[in-house]
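Have the sequence and the model side by side.

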Amino acid sequence: MYPPELLYTKDHEWIRVDEEIGTIGITDHAQKELGDIVFVELPKRGDQVTAHESFGTVESVKAVSEVFSPVTGEVTAVNSRINDRPELVNEDPHGEAWLIKVQLKDRRETESLMTADQYEAYIEGSAAESAAEASKG
Amino acid sequence: MATATGQQALKRTALNAVHRALGARMVDFAGWDMPVEYSGITDEHVAVRTRAGMFDVSHMGEIDIHGPGALALVQHVTSNDASHLKIGQAHYSALMYPNGSSVDDCLVHRFADDHFFLCVNASNADKDFAWITEHNRFDADARNVSAEYSQLAVQGPRAVAIMSKVAEADLAGLKYYWFTNATVAGIPGMLARTGYTGEDGFEFYFTPEKSEYVWNALLDAGKPEGMIPAGLGARNTLRLEAGMALYGHELDEDTTLLEANLGWITKLGKGEFLGRDVLARQTEQGTRKKLIGFEMSDRVPARDGYPVWMGQEQIGRVTSGSPAPFLKKNIGMAYVSREGRALSLDPGQEIEIEIRGRRAPARVVPLPFYKRHK
């Protein structure tokens, strides 16, 4: 489910690093939580993004969610297909529905990100936690 | 993550396990563990508009009012005129505060001359019951019977075809906002031609023990007609398209019925009721704000709470805003005012919605956004 070549954040974004370019998207877990995605707002080429800061928003029918950058750097490409087909984020979140590409400023920023195995354990842990919360009392 | 209910266990309807087995996404709704979507809000919303959808609305509250003073009590605490209700008829009404605002909105069903049955919002059921009890100086017995009922809503243009397969009742003779005793798949209950989607449909009230059986029987009957289970997400977008108020959004303790466009359930002529004086005064002198509908001109959806602007003046806030899955537009409702007085805006008037610090163009449109062809 979660490709091993990607790294993951606690806010449910992923990044694939090739040389000094990071490709960023939201995870399958995130798209499922949001439901039918109808609009995605992204930065422009040349904009700066900062690690842990919001760089865009993803809107589903029921909610709006900010997207946080896993790394700091300059935006080198924006996936324009998402503009015409926001539902692509539901269909292929780890592949065709990448959001932006970033020229990494400091590769060491990726060292604190989770591997696929760690991320899966993280979302299972969150689910177990909320289930425990629900059954309390 | 902390939830609104903190340490309290979430309440569950009798169908909780069924929703989970169907793979529904569950959320905490007013302290209830409820399905927000199954196959997706858009899919479910469009199914209700074009075929049918079934909702578990067993979380809704029910209050039974019985006795020689039942009509007097209902007339005192609600805004609509229950004396006009025939036995077997229901109407939309509001439970009132003395300031002309609502404790809750509700459906009032007349079981007998001296017997009424209120369906109220889950989030307000305890508050409603306490309020009715506090104001019960009549010879009437009010009981909170919420736990005694499951409620399923079958909504959509195919609802009659589906219900007629499993219900023992004269469905063709059951007019909109009337109800009857009926059995559905052999299980007795109260079948009402009511709903909260803007479509034709039914709401069936029956004993919780038989919930799974009735749910499955209806789902089987509905499958050939294209009916699917629908969650609270679609319920919200459907009611918004139909321009219906949701308590906590368009209605609250600071909003009078007239401000909420609910003059049609405000019967000043019926005699005394809680809030009547304020509503009578507003009828003559005008209201403090006005509920409008609007449509976004570009692709960014408006959401609850966003500020509304006209020129350099902030004139209000969005009460409900969402993409509308059937109309395929971004729509919303908002209260608008100027210097504490209702602002009258004509359809077509250009306004702006402030979205994350930026203003996006929108225009005023008539309510409701969607009206079914009868």
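Two strands count as paired if DSSP finds at least two bridges between them. Helices (H or I, at least four residues) and strands (E, at least two) are DSSP runs, numbered from the N terminus. This is a predicted model, in which local features need pLDDT of at least 70, side-chain atom pairs count only at pLDDT 80 or more, and totals for chains, interfaces and linings use all residues. Residues are numbered from 1 along each chain as its sequence is written, chains are lettered from A and ligands numbered from 1 in the order in which they are written, and side-chain values use heavy atoms, leaving out hydrogens and water.

Start with chain A. Six of its strands make an open, antiparallel sheet, ordered S1-S2-S3-S9-S8-S5. Strand S1 (7-8) and strand S5 (48-49) of chain A are at the edges; each has a single partner strand, so one side of each lacks a neighbour in the sheet. Inside the sheet, strand S2 (residues 13-18) of chain A runs antiparallel to strand S3 (residues 21-26) of chain A, and six bridges join them. Follow A:Val17 across: its bridge partner in S3(A) is A:Gly22.

Now chain B. It has eight helices and 21 strands. Its radius of gyration, taken over C-alpha atoms, is 21 Å, close to the 21 Å from the globule rule (2.2 Å times the number of residues to the power 0.38) for 374 residues, so chain B is as compact as a globular protein of that length. Of the 374 residues in chain B, 59% are buried. Buried means under 20% relative accessible area, exposed over 50%, and partly exposed in between (1.4 Å probe, protein chains only).

Pick out helix H4 (residues 125-134) of chain B. Its buried residues are B:Ala125, B:Asp128, B:Trp131 and B:Ile132. Seen down the axis of H4(B), they fall within an arc of 130 degrees (directions from the helix axis to the C-beta atoms), so they line one face. An α-helix has 3.6 residues a turn, so residues three or four places apart point the same way. The face of H4(B) turned away from the buried side carries exposed B:Asp126 and B:Glu134. Cover for the buried residues of H4(B) includes helix H3 (70-77) and strand S6 (102-112) of chain B.

Strand S6 of chain B also holds B:His109. Is B:His109 buried or exposed? Its relative accessibility is 0%, so B:His109 counts as buried. Leaving out residues up to four places away in sequence, B:His109 has contacts (heavy atoms within 4.5 Å) that include B:Phe116, B:Phe179, B:Met190 and B:Tyr205.
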